[in-house]
Amino acid sequence: MHELTDRELYEAIEYARNIDEETGRSIMQVFQVEQPALAQTIFNVFPSLIAQQNQEMAHMFMELSFDTLCVYQHAFGKVPSQTEAWLERQMSLLDAELKSFIPNQPMDKKIKAKLKKRFTERAYNEVTQLRLVEIMNESIDDYASENTSRVASVKFIQNMMFTVIRLFSNLYSQTADS
């Protein structure tokens with residue numbers, strides 16, 4: 001996997017946002033059958049956490065997650081198969097790293113510093129599609145600005161979106177490395 005050029009990224013986003021309903025359902029069905037744990041996490045677990053803060057933002061998150069799935073499929077091909085254990089390992093790595101950035105999070109200072117460093121190194125040394133993260137963050141900001149009740153959940157949703165993009169990047173990168 002490689003960092004998408006702006007042209008590749010915009011073409012993939014254009015593709016994702018112009019998919020008709022029938023094709024969209026088909027993409028989701030295949031993804032849910034071939035990647036049940038990942039699909040469950042991205043399209044059920046994460047949105048339910050967001051819905052606790054704002055239901056409209058949970059729907060927006062699912063739309064952006066679908067766009068992300070389609071961007072990766074368009075740019076890199078079919079979603080590579082992985083096990084539930086792979087997903088659990090990815091989530092536990094991300095969970096620990098992200099917790100290290102939470103102020104007042106009870107954690108040993110040395111461990112916290114090590115996790116922050118690891119997170120930063122992985123973000124810069126792995127292909128994470130940072131431009132896609134920026135575009136998704138802009139979409140979240142734009143949508144939230146339409147209604148003040150949405151604003152409080154923006155950072156949380158942006159972190160969740162970053163996690164989704166990171167999961168897809170790791171999934172495609174790991175397969176490319178194999």
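Entry 1, α2 and α3. I started with helix α2 (residues 21-34) and helix α3 (residues 36-51) in this predicted model. I read an angle of about 120° for the pair, and the axes are 5 Å apart. The two helices are therefore oblique to each other, since an angle of 65 to 115 degrees would count as roughly perpendicular and one over 145 as roughly antiparallel. I then listed the contact: from α2 it takes M28, F31, Q32, V33 and E34, and from α3 it takes P36, L38, A39 and F43. By class I noted 7 nonpolar residues, 1 polar and 1 charged in this contact.

I next took α2 against helix α4 (residues 55-76), where the axes come within 11 Å and cross at roughly 85°. That value falls in the range of 65 to 115 degrees, so I put α2 and α4 down as roughly perpendicular to each other. On the α2 side I found G24, I27, M28 and F31, which meet F66, L69, C70 and Q73 of α4. The contact of α2 with α4 has 6 nonpolar and 2 polar residues, and no charged ones.

Is R150 buried or exposed? I placed R150 in helix α8 and read a relative accessible area of 8% for it. The cut-off for buried is under 20%, so R150 is buried. Setting aside neighbours within four places in sequence, I found R150 in contact with N54, E56, M57, Y143 and A144.

I located E146 in the loop between α7 and α8 (148-151). Its relative accessible area is 60%; exposed means over 50%, so E146 is exposed. I also checked E146 against R131: they are 15 residues apart in sequence, and their C-alpha atoms are 23 Å apart in space.

I read a volume of about 190 Å³ for the second largest pocket. I counted 10 residues in its lining, and V133, N137, Q158, N159 and F162 are the closest to the centre. Which elements give two or more residues to this lining? They are α7 (130-144) and α9 (154-177). By class, I noted the lining as 5 nonpolar, 3 polar and 2 charged residues.

Terms used: Residues numbered from 1 in each chain as written. Predicted model: local features only at pLDDT ≥ 70, side-chain atom pairs only at ≥ 80, totals over all residues. Heavy atoms only, no water. 1 Å grid on protein atoms, 1.4 Å probe; cavity = no way out; pocket = protein on both sides within 12 Å on 5 of 7 lines; lining within 4 Å. Points joined across faces, edges and corners; volume = space filled by probe spheres on them. Helix = DSSP H or I, 4+ residues; strand = E, 2+ residues; numbered from the N terminus. Nonpolar A, V, L, I, M, F, W, Y, C, P; charged D, E, K, R; others polar. Axes fitted to C-alpha atoms, helices over the stretch in contact; angles between N-to-C directions. Parallel < 35°, antiparallel > 145°, perpendicular 65-115°, else oblique. Contact = heavy atoms within 4.5 Å. Buried < 20%, exposed > 50% of the residue type's maximum accessible area, 1.4 Å probe, protein only.
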